[in-house]
Amino acid sequence: MTLSVRTVAAAAALGAVLTGCGGGAGAPQGAGQARMGTPAASGPAAASTPSASSSASASPQAGAPARVPTLAPGPNGLTPVFERARQRTEKTVALTFDADMTSDQGPRAASGERFDNPELIATLRRLKVPATVFMTGRWAEEYPDQAKAIGTDPGFEIANHSYSHHAFKSPCYGLPALDAPAARADVDRAFAAFKKAGAVNTVPYFRFPGGCYDDRALRALAPAKVTAVQWDVVSGDAFAKDPDAVAEQVLAGVRPGSVVVMHCTRSAAPVTEQAVEKIVPELRKRGYRFVKVSEVMGK
């Protein structure tokens with residue numbers, strides 16, 4: 001049976017979105033260049049002592065857990081970037097889940113496509129695994145009850161994944177690009193969507209759509225007073241059909257202090273919940289403790 005051109009195009013577009021969020025096996029497109037010129041990977045700013053004071057005046061802090069650690073700004077006030085805990089001996093690992101939905105996917109949701117994954121969230125609760133959900137504002141608008149439930153559960157924290165899931169640097173997996181003013185507005189709009197949904201466990205962290213950024217993007221984001229959060233372990237769960245393969249990839253990559261990127265998007269990451277069922281007991285057997293990004297950042 002052949003697929004229609006429209007179906008293939010839609011799948012390709014969503015595939016680009018999720019691959020850009022760490023669904024593929026490689027590094028985020030365009031991110032390497034940014035890391036070389038900023039404190040993202042190695043520089044003194046990345047090793048600064050975490051402090052809640054740098055984000056104390058930011059709007060997303062309202063109602064958020066107290067004393068959330070952030071990194072100090074980089075040179076010339078650039079937004080700092082976090083990838084993995086500096087303390088590399090304690091066996092902690094942060095599972096993070098991107099709740100992706102772009103600003104133009106409303107009609108697909110209305111036709112029945114599911115961009116949420118309540119079974120995954122229920123499994124994390126049952127297994128008592130704290131986690132950080134990087135949510136787009138459009139996702140929170142589409143699933144406000146779920147956004148509120150996640151954002152009022154002390155086991156979770158909600159971080160910003162933009163409102164529209166458009167790119168902050170171009171090229172980036174074919175995503176539409178935002179200029180600097182639009183980029184800042186997009187971040188603010190996402191935080192507003194979380195607040196409207198009733199989420200209170202929000203943290204001043206941001207994940208670039210596609211993982212793509214450069215100094216220009218870090219400069220545009222600086223007024224938001226957030227810490228950008230990347231990852232060091234790619235799960236490969238986007239469009240995966242074999243949960244064992246996803247689990248094996250995560251288990252092979254995790255090191256003390258790791259941040260793992262996965263997805264909370266049922267239609268495009270259908271085996272994530274099953275993979276988590278395999279990942280969690282094995283990592284616990286290896287002596288790992290699961291934490292939110294806010295805890296691993298403080299290490």
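Me: How many salt bridges does a search of the whole structure find?
Reply: The search finds 14 salt bridges, a salt bridge being a side-chain nitrogen of Lys or Arg within 4 Å of a carboxyl oxygen of Asp or Glu. Please note that this is a predicted model, in which local features need pLDDT of at least 70 and side-chain atom pairs count only at pLDDT 80 or more, whereas totals for chains, interfaces and linings use all residues. Residues are numbered from 1 along each chain as its sequence is written, and side-chain values use heavy atoms, with hydrogens and water left out.

Me: Which residue forms a salt bridge with K299?
Reply: E90 does, with 3.4 Å between the closest N and O atoms. K299 lies in the segment after α11 (293-297) and E90 in the loop between β1 (81-82) and β2 (92-99), so the pair ties together parts that are 209 residues apart in sequence. Helices (H or I, at least four residues) and strands (E, at least two) are DSSP runs, numbered from the N terminus.

Me: And how exposed is K299?
Reply: K299 is partly exposed, at 27% relative accessible area, and E90 is also partly exposed, at 28%. Buried means under 20% relative accessible area, exposed over 50%, and partly exposed in between (1.4 Å probe, protein chains only).

Me: Which residues are linked with E90 and K299 in a network of salt bridges?
Reply: R289 and E295 are linked with E90 and K299 in that network.

Me: What does E282 meet in salt bridges?
Reply: E282 meets K285 at 3.8 Å, N to O, and R286 at 2.9 Å. E282 and K285 both lie in helix α10 (residues 272-285), three residues apart, which is about one turn of the helix. K285 is exposed at 67% relative accessibility, while E282 is partly exposed at 23% and R286 is partly exposed at 36%.

Me: Changing topic: which residues of α9 are buried?
Reply: In helix α9 (residues 243-253), the buried residues are P243, V246, A247, V250 and L251. Seen down the axis of α9, they fall within an arc of 125°, so they line one face of the helix; the arc is that of the directions from the helix axis to the C-beta atoms.

Me: What is exposed on the other side of α9, and what covers the buried residues?
Reply: E248 and A252 are exposed on the other side. The cover of the buried residues includes β7 (233-234), β8 (258-263) and α10.

Me: What caps the N-terminal end of α9?
Reply: D242 caps that end, with a side-chain oxygen 2.9 Å from the backbone nitrogen of D244.

Me: How many residues does the largest nonpolar core have?
Reply: The largest nonpolar core has 62 residues, and those with the most contacts inside it are F97, L124, M135, W139, F168 and F208. Helix α7 (residues 180-197) gives the most to this core, with seven residues. A nonpolar core is a set of buried Ala, Val, Leu, Ile, Met, Phe, Trp, Tyr and Cys residues joined through side-chain atoms within 4.5 Å. A second, separate core of 18 residues includes F82, Y205, V261 and V293.

Me: What is F208 in contact with?
Reply: Leaving aside neighbours within four places in sequence, F208 is in contact with H161, F168, Y213, A217, L218, L221, A228 and Q230, contact meaning heavy atoms within 4.5 Å.

Me: Finally, how many helices and strands does the chain have?
Reply: The chain has eleven helices and nine strands. Buried residues make up 56% of its 299 residues.

Technical notes. Polar contact = N/O pair within 3.5 Å; in protein donor to acceptor, adjacent residues only side chain to side chain.
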